[in-house]
Amino acid sequence: MPSMQPYTDPRYFCILLLALAPLVLGLLRGRRHRNYESIVSLVFIVLMFAGPKWQQGVSLIVYVAWQFGLICAYAHYRKHNNAGWVYYLTLFAVILPLAIVKITPAVAGGQPSLIGFLGISYLSFKAIGTLMEMRDGAIKELRPLLYLSFLLFMPTISSGPIDRYRHFAKSYDNAPSRDKYLDMLSHGVRYLFQGFLYKYIIGYYFGTILLPIVARRALLDRAAAGGTGISLALVAYMYVYSMYLFFDFAGYSLFAVSVSNFMGIDTPMNFNQPFRAKNIKDFWNRWHMSLSFWFRDYVFMRITFFTMKHRWFKKRVHISQFAYLCNFLIMGFWHGVTWYYITYGIFHACAIIINDIWLRFKKGKKLPSNRWTNALAIFVTFNVVCFSFLIFSGFLNKLWFTTAIR
Amino acid sequence: MDVKETVLSILNDLTGEDLSDRMDEDLFATGLMDSMDTVQLVLELQEQLEVDIPVSEFDRKQWATPNMIITRVKELQ
């Protein structure tokens with residue numbers, strides 16, 4: 001049996017929508033059929049890992065059992081105790097599988113880890129967030145079955161958007177009112193078609209048609225500009241890749257939100273016109289939002305809180321700069337342990353630190369602010385971002401460190 | 001000092017502006033506060049009013065305006 005990857009072909013959408021039909025009818029009558037929902041979710045997850053991908057399926061099952069066991073044990077412990085070392089030990093164990101999967105290719109010459117599977121990152125984000133909120137006491141009572149449904153929520157399992165346990169619980173526990181649900185459905189249909197346009201028309205054009213052409217040209221020009229390979233074709237590659245990255249991923253995210261809407265679950269949006277951002281801070285509030293907000297709340301805020309409380313730095317500015325650096329370094333390492341992902345992280349840390357310095361400098365000064373300065377800000381931000389995506393793409397690695405044209 | 005005065009004086013330190021006549025202004029949307037200010041606000045509230053606010057309780061939607069902050073603090077006290 002061949003495996004079925006989520007949102008990849010028309011057949012998948014047809015089968016999925018058919019399978020969801022009873023759920024939609026139920027929700028229209030104000031009822032949420034949770035058992036049926038779980039069965040549909042499970043069937044589609046099985047289909048993802050059927051056939052040649054069965055090993056990944058086994059990894060998923062072991063992984064979920066691991067996370068489930070850890071969180072239940074911690075929930076039991078946290079009822080009456082709250083020692084720091086137990087929390088840190090559990091946190092370490094929750095992160096461990098993801099860390100192994102990310103580090104293995106770097107030390108094993110590009111070989112992927114045996115315990116990896118599509119979606120391990122996104123499941124880990126959910127698990128880590130839930131654990132931290134339990135430590136904080138924000139989650140008072142963890143419901144094991146709800147936690148499983150949350151982890152294995154099918155529309156978002158492979159690539160997000162990343163929901164939060166408490167937010168998911170709110171959606172899951174109540175069926176939306178008829179009016180609310182009709183509104184969700186109409187948005188769901190719109191997102192579905194917007195997703196088709198983004199991923200299969202615009203994203204396809206940039207990624208499948210244009211990208212190979214500019215890549216070939218840039219590789220042919222690799223001796224340009226004194227051997228640095230900086231050529232017009234490389235600049236073209238940068239913009240084409242950036243467009244492809246946005247439309248492909250935004251399209252994918254729209255599908256996930258759309259299908260969640262059909263199921264009456266409110267999944268957060270992932271993109272909000274990121275290329276209209278006026279600065280890098282603004283950009284991270286618009287680009288892959290569920291990830292950047294996750295990093296903001298569970299990494300940046302916690303590092304800031306910790307360093308402020310323990311007075312590691314005298315100046316507030318240094319705290320934020322330190323926290324930004326850690327935040328984006330971790331994000332870089334998470335993308336993968338390669339020089340270009342880590343450079344991408346450091347690049348964004350520097351960009352946001354410079355952005356911060358500029359904003360502080362500007363504060364209280366009467367600098368001109370009009371249509372033109374706005375346009376300039378958007379233009380500069382756009383180019384800084386596209387350059388960061390060129391680093392991220394790994395193309396420079398190919399251009400500089402491989403010899404044969406592939 | 002009561003809760004309102006304390007919150008306003010903390011916010012005054014953080015944003016550099018007197019917000020007493022702008023009690024319903026969204027501090028995040030207007031860019032007056034960012035994540036750093038948020039953490040400092042949480043720490044100051046802990047120190048001055050002895051309310052314990054876990055970072056994960058800090059949902060921006062519930063802490064967006066001076067009035068909302070005062071309400072939340074009173075709830076947590």
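This is a predicted model: local features need pLDDT of at least 70, side-chain atom pairs count only at pLDDT 80 or more; totals for chains, interfaces and linings use all residues.
The predictor gives the complex an ipTM of 0.77 and a pTM of 0.91. Chain B has three helices and zero strands, and 16 residues of chain A are in contact with nine residues of chain B. Over in chain A, one helix pair packs at about 170° and another crosses at roughly 85°.

**Chain B as a whole**

- Reading from the N terminus, the elements of chain B go α-α-α. The radius of gyration is 11 Å, close to the 11 Å that the globule rule gives for 77 residues, so chain B is as compact as a globular protein of that length.
- Along the principal axes, the C-alpha atoms of chain B fill a box of roughly 25 × 25 × 20 Å.
- Of the 77 residues in chain B, 23% count as buried.
- Take the contacts in chain B between residues at least 6 apart in sequence: 57% of them join residues at least 24 apart.
- On confidence, the mean pLDDT of chain B is 84, and 99% of its residues reach 70 or more.

**Where chain A touches chain B**

- The contact pairs 16 residues of chain A with nine residues of chain B. On the chain A side, the elements that give two or more residues are helix 5 (120-136), helix 12 (289-309) and helix 13 (316-335).
- Helix 12 of chain A gives the most to that side, with nine residues.
- By class, the side of chain A that touches chain B has six nonpolar, three polar and seven charged residues.

**Helix pairs in chain A**

- A pair of packed helices is described by the angle between the axes and the distance between them.
- Helix 3 (residues 54-78) and helix 4 (residues 84-107) of chain A pack at about 170°, with their axes 10 Å apart. Angles over 145 degrees count as roughly antiparallel, so helix 3 of chain A is roughly antiparallel to helix 4 of chain A.
- In that pair, helix 3 of chain A brings Tyr63(A), Trp66(A), Gln67(A), Leu70(A), Tyr74(A) and Tyr77(A), which meet Val86(A), Thr90(A), Ala93(A), Val94(A) and Pro97(A) in helix 4 of chain A. The residues of this contact divide into nine nonpolar, two polar and no charged.
- Helix 10 (residues 232-262) and helix 15 (residues 371-393) of chain A have axes that come within 9 Å and cross at roughly 85°. That angle makes helix 10 of chain A roughly perpendicular to helix 15 of chain A.
- Here Met238(A), Tyr239(A), Tyr241(A), Ser242(A) and Leu245(A) come from helix 10 of chain A, while Cys386(A), Phe387(A), Phe389(A), Leu390(A) and Ser393(A) come from helix 15 of chain A. Sorted by class, the contact of helix 10 with helix 15 of chain A has eight nonpolar residues, two polar and no charged.

**Loop and backbone details in chain A**

- Gly160(A) and Pro161(A) are joined by a cis peptide bond, with omega at about -5°. Pro161(A) sits in the loop between helix 6 (144-151) and helix 7 (165-173) of chain A.
- Arg311(A) has a positive phi of about 50° although it is not a glycine. You'll find Arg311(A) in the loop between helix 12 and helix 13 of chain A. Arg311(A) counts as exposed because it has 8 C-beta neighbours inside 10 Å.

**Loop residues in chain B**

- Glu50(B) also isn't a glycine, and its phi is positive, at about 55°. Glu50(B) lies in the loop between helix 2 and helix 3 (66-76) of chain B. With 9 C-beta neighbours inside 10 Å, Glu50(B) counts as exposed.
- Glu17(B) belongs to the loop between helix 1 (3-15) and helix 2 (35-49) of chain B. Glu17(B) has 13 C-beta neighbours inside 10 Å, so it counts as partly exposed.
- Setting aside neighbours within four places in sequence, Glu17(B) is in contact with Asn12(B) and Leu32(B).

Key. Residues are numbered from 1 along each chain as its sequence is written. Chains are lettered from A and ligands numbered from 1 in the order in which they are written. Helices (H or I, at least four residues) and strands (E, at least two) are DSSP runs, numbered from the N terminus. The radius of gyration is taken over C-alpha atoms; the globule rule is 2.2 Å times the number of residues to the power 0.38. A residue is buried if 20 or more other C-beta atoms lie within 10 Å of its own, exposed if 12 or fewer, and partly exposed in between; C-beta atoms are placed from the backbone. Two residues are in contact if their C-beta atoms, placed from the backbone, lie within 7 Å. Ala, Val, Leu, Ile, Met, Phe, Trp, Tyr, Cys and Pro count as nonpolar, Asp, Glu, Lys and Arg as charged, and the others, Gly among them, as polar. Axes are lines fitted to C-alpha atoms, for helices over the stretch in contact, and angles run from 0 to 180 degrees between N-to-C directions. Angles under 35 degrees count as roughly parallel, over 145 as roughly antiparallel, 65 to 115 as roughly perpendicular and the rest as oblique. pLDDT is the predictor's confidence in each residue, from 0 to 100.
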